[in-house]
Amino acid sequence: MIHKVESFISRHNLLSPGAKVLVALSGGADSVALLVALLKLGYRCEAVHCNFHLRGTESDRDEAFVKQLCEKKEVKLNITHFDTTAHAKAHGISIEMAARELRYKLFEELRSSSGAEAIAVAHHRDDSAETVLLNLIRGTGIKGLRGIQPRNGNIVRPLLCVGRADIIDYLEWRGEKFVTDSTNLTTDYTRNKIRLEVIPKLAEINPSILDSLAATAQRIAEAELIYSQAVAEATERVKNENCIDIEALKREISPATVLHEILSPLGFNSTQIGNIYDALDSDGCREITNGSWRVVKERGSLTILPQSGKEPYYGILPQEGSVNTPTGTLQLSTHPFDGNIPRERNSVYLDMDSLKLPLTLRTVKQGDRFAPFGMRGTKLVSDYLTDKKRSTAEKEQQLVVTDAGGTIVWLVNERPASPFCIKESTKEVIHLTWRKKI
């Protein structure tokens with residue numbers, strides 16, 4: 001087993017020769033074998049044990065065991081106690097997820113403070129096979145069928161090349177003791193049910209089922225590298241910032257797959273992504289949200305936006321000076337009218353006598369109307385922007401300048417309102433210029 005582990009570490013470049021390693025030590029067979037193997041291979045090991053206080057006296061038994069083991073092996077041991085139940089309740093997560101969050105946060109803190117090169121955890125080949133089956137049952141993409149990977153950031157798994165039977169044989173050969181977590185012997189958890197019931201049934205059909213699953217997962221992992229590169233290249237072709245070009249997406253070999261890979265990291269599930277895909281050929285605007293993000297289908301594109309959008313902006317304007325906003329700067333000055341009128345869309349003169357000061361700069365609101373210069377009557381700002389083919393994101397970021405009565409006097413960077421434009425009687429103007437942030 002030692003030679004397999006040594007070769008696996010080298011092949012996947014998990015650890016430098018003689019490196020300092022933080023070993024997650026529960027006291028079970030897997031973690032004891034990991035510690036013993038790494039010590040045998042010459043690594044400088046420091047152990048960490050988490051007491052989650054979930055199994056009563058058994059948790060205390062495990063702690064006592066790892067203390068004795070580390071004293072025997074002359075390995076420094078870090079022990080941390082957690083109120084796992086309280087953490088789960090406070091964060092609205094399961095006990096299993098709470099324990100995972102607590103231990104991996106601790107592992108990284110200790111790794112950093114101790115100067116360890118990596119954190120070694122004791123997942124083995126059988127764990128990876130169980131993960132493949134678990135993900136297959138739950139429904140997964142190609143990544144879920146890769147099984148457990150040798151490295152994830154600073155987490156390394158040197159035992160993925162061996163199975164549980166190899167580990168037990170190794171410990172018995174060395175005369176090493178270990179403890180058994182009684183919860184692993186029940187079928188209360190889905191993973192345990194797979195280990196204790198499903199895999200034995202599959203082994204009746206194929207006695208080498210664990211080896212077969214591990215080999216298949218390895219081939220999928222290698223194929224996934226090619227797949228990921230192809231998806232990244234397709235994403236470059238179809239997506240520009242937060243917009244997906246629908247026609248470009250349709251030209252891809254598998255549009256549904258590309259769409260899934262773009263949206264699933266944002267938390268959209270398969271059903272939601274399917275609904276978005278089905279809407280590609282529909283007319284009009286369509287919006288689908290997952291609570292955190294939304295996808296708006298409009299005019300040949302899918303726009304990806306945060307659910308809350310940008311925070312609305314509101315600010316009282318001076319008659320002289322400038323005001324900075326998240327999207328740009330508005331400059332203001334007041335002076336006698338000299339007969340010249342700005343022709344740029346981002347600059348406007350307003351008749352001072354027509355205005356009720358102070359002016360306000362704010363984000364457009366639903367139901368806003370204004371009287372566009374050169375048009376008859378009033379128009380909803382949203383309709384005006386739709387006619388201008390502005391996207392949903394652009395509409396939500398649109399700014400307006402209003403007077404003290406709340407009347408829109410300028411749709412910023414677009415058009416002033418008729419009642420406030422230059423007249424024959426105009427003597428004094430307020431000059432507004434918008435500079436978009438680049």
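The model is predicted: local features need pLDDT of at least 70, side-chain atom pairs count only at pLDDT 80 or more, and totals for chains, interfaces and linings use all residues. Residues are numbered from 1 along each chain as its sequence is written, and side-chain values use heavy atoms, with hydrogens and water left out.

**Backbone features in loops**

Helices (H or I, at least four residues) and strands (E, at least two) are DSSP runs, numbered from the N terminus. Let's start between two of the strands. Leu357 and Pro358 are joined by a cis peptide bond, with omega at about 5°. Pro358 belongs to the loop between strand E15 (347-351) and strand E16 (360-363).

Glu74 sits in the loop between helix H3 (57-73) and strand E3 (76-81), while Lys389 is in the loop between helix H13 (381-387) and helix H14 (392-397). The table puts their values together; for accessibility, buried means under 20% relative accessible area, exposed over 50%, and partly exposed in between (1.4 Å probe, protein chains only).

Leaving aside residues up to four places away in sequence, Asp351 touches Phe420, Cys421, Ile422, Lys423, Thr426, Lys427 and Glu428; contact here means heavy atoms within 4.5 Å.

**An open sheet**

Strand E16 also takes part in an open sheet of 5 strands, ordered E12-E16-E19-E20-E21 with antiparallel pairing. At its edges are strand E12 (314-316) and strand E21 (415-416), each pairing on one side only. Two strands pair if DSSP finds at least two bridges between them. E12 and E16 run antiparallel and are joined by 3 bridges, and Ile316 stands opposite Thr360 in E16.

**An aromatic pair**

The whole structure holds 5 aromatic pairs. One of them is the stacked pair of Phe52 and Phe82, at 5.7 Å centre to centre with 20° between the planes. Rings of Phe, Tyr and Trp (its six-membered ring) pair if their centres lie within 6.5 Å; planes under 30 degrees apart count as stacked, over 60 as edge-to-face and the rest as tilted. This pair links distant parts of the chain, 30 residues apart: Phe52 is in the loop between strand E2 (44-51) and H3, and Phe82 in the loop between E3 and helix H4 (84-91). Phe52 is buried at 17% relative accessibility, and Phe82 is buried at 14%.

**Two crossing helices**

The axes of H4 and helix H5 (residues 95-114) come within 8 Å and cross at roughly 105°, which means H4 is roughly perpendicular to H5. Axes are lines fitted to C-alpha atoms, for helices over the stretch in contact, and angles run from 0 to 180 degrees between N-to-C directions; under 35 degrees counts as roughly parallel, over 145 as roughly antiparallel, 65 to 115 as roughly perpendicular and the rest as oblique. Thr84, Thr85, His87 and Ala88 in H4 meet Ile95, Ala98, Ala99, Glu101 and Leu102 in H5.
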